[in-house]
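User: I would like to learn how to read a protein model. Can you take me through one, feature by feature?

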Amino acid sequence: MKDRAANREKRMSIGAHLIELRKRLFISAASIVVGAALGWWLTDVAVWDAIQAPVDAVAKAQGSSSAIIFPTISSAFDLRLQVAFTLGIVISSPVWLYQIFAFLVPGLNSKERKFTFGFFASAIPLFFAGCAAGWFVLPNIVKLMTSFVPDGGESLLTAKEYIDFVLKLVVAIGIAFVVPVFIVLLNFAGVISAESIIKSWRVAILVIVLFTAIATPSADIISMFMLAVPMIALYFGAWGVAHLHDRRVAKRNQLQFGDAV
């Protein structure tokens, strides 16, 4: 048992890392495929109606004609595949998030690995919260963008452009919400310190604001800030956790050094 524990603590070779990475990628890809199969079925059941709902609501509120059009014969099939694949990413997120953490865990010592469950348990709700945040601001964005249509005009939204925007907004915000968890994990692995995190707060805020500005239309300042504020709060929350961890490590090292002296 001691030899087995010692082997786990040893550094893995590059070849072993590549084999481990391949295994994790295969499991993640398989879970996304299974999720996509479920997403294909969900698209007809509820998802497409939910995606189209903001457009219908705006058309009804403004008393105008708005519709999502499919300009080519294969558009509907291609977009259904795209929606199903994106749903597969969202549905299978507990699996591929775990695979990422499992790949990074060997960089932690035996005591710090106990916190892995906490990282994993935080990442999943944060990912879903980010997806929900993107979905929450979607109606406001659709309303704003279609408000520029002149009286008597019709807003015909190309299905590909509209679906691309919706899916990228939801998934990108979901992933962005998980980034602070990985910042904490890298801190626990000794890659970055809490001091370096807080020193980079200006750059982090700038990146977050730019990211939310790209994810939302430039004219929709309210939605941009609705997404930026919680992401900034999560960044400083990650720094707080990293700061407590660094203090604990420094205190432990000081005690060990004192005992050695």
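**Reading the model**

Analyst: Start with a pair of charges: Asp44 and Arg80 form a salt bridge, with their closest N and O atoms 3.0 Å apart. This pair links distant parts of the chain, since Asp44 lies in helix 2 and Arg80 in helix 3, 36 residues apart. This is a predicted model, where local features need pLDDT of at least 70 and side-chain atom pairs count only at pLDDT 80 or more, while totals for chains, interfaces and linings use all residues. Residues are numbered from 1 along each chain as its sequence is written, and side-chain values use heavy atoms, with hydrogens and water left out.

User: What counts as a salt bridge?

Analyst: Side chains of opposite charge can pair when their charged atoms come close. The cut-off is a side-chain nitrogen of Lys or Arg within 4 Å of a carboxyl oxygen of Asp or Glu. The structure holds 5 salt bridges.

User: Which residues are linked in a network of salt bridges?

Analyst: Glu20, Lys23 and Arg24 are. Lys23 pairs with Glu20, the closest N and O atoms being 3.8 Å apart. The side chains of Arg24 and Glu20 also meet, at 2.7 Å from N to O. Now look at the spacing. Lys23 and Glu20 are 3 residues apart in helix 2, about one turn of the helix. Arg24 and Glu20 are separated by about one helical turn because they are 4 residues apart in helix 2.

User: Is a residue like Asp44 buried or exposed?

Analyst: Asp44 has 54% relative accessibility, so Asp44 counts as exposed. Lys23 is partly exposed, because its relative accessible area is 41%. Glu20 has 16%, so Glu20 counts as buried. Arg24 is buried as well.

User: How many helices and strands does the protein chain have?

Analyst: Helices (H or I, at least four residues) and strands (E, at least two) are DSSP runs, numbered from the N terminus. The protein chain has 9 helices and 2 strands. From the N terminus on, the order is α-α-β-α-α-α-β-α-α-α-α.

User: What share of the 261 residues in the protein chain is buried?

Analyst: Buried residues make up 36% of them.

User: Which residues have the most contacts inside the largest nonpolar core?

Analyst: A nonpolar core is a set of buried Ala, Val, Leu, Ile, Met, Phe, Trp, Tyr and Cys residues joined through side-chain atoms within 4.5 Å. The largest one here has 57 residues, and Leu97, Phe101, Tyr162 and Leu169 have the most contacts inside it. Helix 6 supplies the largest share of this core, 18 residues. Phe101 is found in helix 4. Phe101 is buried, because its relative accessible area is 1%.

User: What does Leu169 touch?

Analyst: Contact means heavy atoms within 4.5 Å. Not counting residues up to four places away in sequence, Leu169 touches Gly134, Val137, Leu138, Ile141, Ala215, Thr216 and Leu227. Now widen the view to the protein chain. Among contacts between residues at least 6 apart in sequence, 84% join residues at least 24 apart.

User: Where is Asn187, and which side chain does it make a polar contact with?

Analyst: A polar contact is a pair of N or O atoms within 3.5 Å; within protein, one must be able to donate a hydrogen and the other to accept it, and residues adjacent in sequence count only if both atoms are side-chain atoms. Asn187 is in helix 6. The side chain of Asn187 makes such a contact with the side chain of Asp246, at 3.1 Å. Asn187 counts as buried because its relative accessibility is 2%.

User: Which residues form a nonpolar patch on the surface?

Analyst: Patches are made of residues with over 30% relative accessible area and no salt bridge: like charges are joined within 9 Å, nonpolar side chains (Val, Leu, Ile, Met, Phe, Trp, Tyr) within 5 Å. Accessible areas come from the Shrake-Rupley method with a 1.4 Å probe; for residues, only the protein chains shown count as cover. Here, Ile14, Leu18, Leu21 and Leu25 form the patch, with about 410 Å² of accessible area together. Leu18 lies in helix 2. Leu18 is exposed, because its relative accessible area is 53%.

Terms used
Buried < 20%, exposed > 50% of the residue type's maximum accessible area, 1.4 Å probe, protein only.
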